[in-house]
Every structure is written in structure tokens, then in C-alpha cells.
Amino acid sequence: MSVQVENLEKNMAKLTITVSADKFEKAMQEAYKKQKSRINIPGFRKGKVPRAMIEKVYGPEVFYDDAANIVINEEYPQAMDESGLEIVSRPDIEVTQIEKGSEFIFTAEIAVRPDVILGEYKGVTVTKKEVSVTDEEVDAELEKTRNMHARTVDVTDRPVQDKDTVIIDFEGFVDGKPFEGGKGENHSLEIGSHSFIDNFEEQLIGKNAGDETEVNVTFPEEYHAKELAGKPALFKVTIHSIKAKEVPELNDEFISDISEFETLDEYREDAKQKLLKHKEDAAKGAKEDEAIQKIIDASQMDIPEPMIDMQCENMIQEFEGRISQQGLTLEQYMKFSGATVERMKEQMRPEAVQRIQSSLVLEKIAKTENIVVSEEEINEQIEKMASMYGMTGEKMKEFLSEEDQEGIERNLSVEKAVEIIMEHTVEQEPQEESSEEQA
């Protein structure tokens, strides 16, 4: 295999990978073994047709797709290493030569990690932030505690109210006809969660268990199912049951049952201190974000579009993981919200760019400052990770690839870069808005 590198504009590059005719022939033979059981030719038992006969009848092209995939999957990782480039996107593959008995040639267009021309990163000014906790905030935190320990009870003596959970059957109709994905049975729906389109949930308020009712909604103009976009729909709904939260009384007895504290006053003080710590951490994070953004604004970097696209895909996967904990799939979320993958990418793009810029700038600072992360520090981090899963650090290492450990090292070096930035920041009082701005 040989690799030629062509540098393109905006931190893009094209790899031209040439694979020997012998390797391509081996891939053709593998493709034949994979396909032979599915090919029928009169006079031969299924799976016993010689390759030469198949190629005579159908042409060698019948194996090209599978053979190309085999070669690309085997050779591209090696080509990445040989290129010497720091590749930050999935490849855009194009086969440029494929013929039995000849070399196999394909290209891979990829994004390369951009270099950063750093602006000044020491002496950055950040806004001073004073933090405090009000009695009202503590009250709200205690109310959350009550709700966390609420029990669900069946409601039989009143109609549906906001925040209730209803168990329903539903079927949707557009132009009098049912549509795909518009039917569900024994579905649990929290009123006010806005997990269904338009004002579906609000129309169930005031209805009783056992009621059969009709709900009228309109699909969003940019709904992912084009045949439904912008159209009015009627849902026939049966309410099987109503459930509500019953919250406990906030007193010493309740607090001693759910915590290590004996009195409400003790718990309240602890809640206040935790809120204060949370606010202090948030203020610290806000100052770090402000400083990093100012360094980004003073620096220069040209981020390739495929790198942004891949970051958006990673963020969608993160979002999918979060909603899966609530029992929702990404497909269900898009169906009920009217979102599409492309719209989600568009909405996530600014944050994706900011994440990439922050990472590039901090890694450049770490390199400029010659930051070194010791093996001991990496092991300490692995121990912390292991403790979260109730295992030893050595056991955790068995689950971590070399790439994972490099990621830990990179994260630690970035943390040290942030420490350097913040050690040299200058705090300033918040600027008051002018009378014109207030007007």
C-alpha cells in the first residue's frame, strides 16, 4: 500500500491510497466466499458455484462492492497512521480505480486538526462575581426534596389537573385517516411535560378517568414527517387512569427519615451550604468560560466544516443518552417534538464550534507551557473513575484502551492550562448598564 497526501484549503486534506493487485485479489476471494451461498446458477448446487463461473455469468463486478469495503476497512486505518496527519473527521471515501487484476485506488478526504495562533492568555480580565443564597432559594430546594419523596397515588375523585400523569390510549387521524406512528396504548403522559405536540396535553385537563375524548392539534410546519407537516390532526383519546404526586409534610420526622439529620433546621442549613457551594462552583466556571472566550476571540484558527459536523453528531449522541434515561428513544423524541437530525445539528452548531475552539486553545496553551501530566496523576484519575463503578484502578485499566488513557492525559493537561489562565486573571467589578441601555 502507498499513501499520497494532498493538502487542501481550510485544513482539509486528501489521501490517495493505492493497494496492490494481490491484496485486491484476496479481497475479491473473500467477497466470493461471502456471496457464493446466495448465488444460484442452473446446474450447480447452491453455495457450490465456482467463482470463475459466477464471474463469467455476472461479470467480476458482482464482487466489487464487497471487495472494496474489505480493502478500505483494512487499509484506511494504516493509511491514517502513515499520513502523519492528525485527522479529526470521518473520511469521505471515493473509489477511483477498481478492476480485477489491477491495483485498487481510493481517496479519502479528511479534516486535519487546525493549528492555533494564540492571543494573550495571561492577564485576562474577568468579571468579579459575588454569590449568596436567599431564604427563598433554600425553600425551593426543600420543596424539591419533598417532591423527590412524593408517592404516586391513583386519583378517582376529581378530573385531570396540570402536573398529573395520565395513562391513555390514543390514535391520530389526518384528513379522517389514521397515520403511521400516531397510535399508542397504555401510554404514560405527564400533563405539562410538553412531550406531545402543540396543546395536546392541555386539552386533557378537566377530563375524568374513563372518558373518551377528542383532541385537536396542528403539526409544526417543519415536522420531520413531511406528509404531516403543518396539517391539523384529530386524536381519539381514552383516559384509563389519573395519577398524582402526594408530597410528605416538611417536618423533623420527615427529615430524620430521609437524611442523616435529626431536625429540619439542620437539614435547612446543610441545604444552604450546598447551594452556596454550587453557586461558588458556577461562578468559578463562569469566570473560566469568560476568560477562555476572551482568549478565543484574541486567537486565530480555521476550523474545517467536517470537524464541526462530527462534534454535532457527538452532541446528538450525548443527548440521545440523556433522554434514554427517561425511557425515550431519539426517534420517539423527534416524532413528538417535530425535530429532525439536521435541525438539531443546526441548533447545536454554535455550541459545537465553541467546544472545538475551547479545546484547541487550551491544548495549545498546554503545549506552549510545556505542561506534563505524570503517570501518577493519570493513575489517580483512573482510581477516581474506578471508585464510581465500585472497582479497583487496575480493573478499570483493563476496560480502558490506549486511546482512552490518552484522552485522560489530555483532559488533565487541559485542566492545568485552565489553572494557569485563572492564576493570572484580573478581576473587575461588573459594569453597570447605562441609562440608555436600561431604557
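Me: Which element gives the largest share of the lining of the largest pocket?
Reply: H9 does, with 10 residues. This is a predicted model, where local features need pLDDT of at least 70 and side-chain atom pairs count only at pLDDT 80 or more, while totals for chains, interfaces and linings use all residues. Residues are numbered from 1 along each chain as its sequence is written, and side-chain values use heavy atoms, with hydrogens and water left out.

Me: What makes a space a pocket, and a residue part of its lining?
Reply: The search uses a 1 Å grid over the protein atoms alone. A pocket is an open set of points with protein on both sides within 12 Å along at least five of seven lines; a cavity is a set where a 1.4 Å probe fits but cannot get out. A lining residue has an atom within 4 Å of a point. In this model 39 residues line the largest pocket, and Glu86, Arg113, Ser359, Glu363 and Arg410 are the closest to its centre.

Me: How much space lies in the largest pocket?
Reply: About 1,500 Å³. A volume is the space filled by probe spheres set on the grid points, which are joined across faces, edges and corners.

Me: What makes a run a helix here, and which helices supply at least two residues of that lining?
Reply: A helix is a DSSP run of H or I with at least four residues; a strand is a run of E with at least two; both are numbered from the N terminus. H3 (64-83), H6 (264-298), H7 (305-324), H9 (341-368) and H12 (402-423) each supply at least two.

Me: How do the residues of that lining divide by class?
Reply: 18 are nonpolar, seven polar and 14 charged. Nonpolar means Ala, Val, Leu, Ile, Met, Phe, Trp, Tyr, Cys or Pro; charged means Asp, Glu, Lys or Arg; the others, Gly among them, are polar.

Me: What volume has the second largest pocket, and which residues are closest to its centre?
Reply: About 370 Å³. Of its 17 lining residues, His187, Ser188, Ser195, Leu328 and Phe336 are the closest to the centre. S8 gives the most, six residues. By class there are five nonpolar, nine polar and three charged.

**Strands**

Me: What makes S2 and S4 a pair?
Reply: Pairing takes at least two DSSP bridges. S2 (residues 12-19) and S4 (residues 104-111) have eight, and run antiparallel. Leu15 stands opposite Ala108 in S4.

Me: Which strands stand at the edges of the sheet?
Reply: The order is S1-S2-S4-S3, an open antiparallel sheet of four strands. S1 (2-7) and S3 (92-97) each have a single partner, so one side of each is left without a neighbour in the sheet.

**Single residues**
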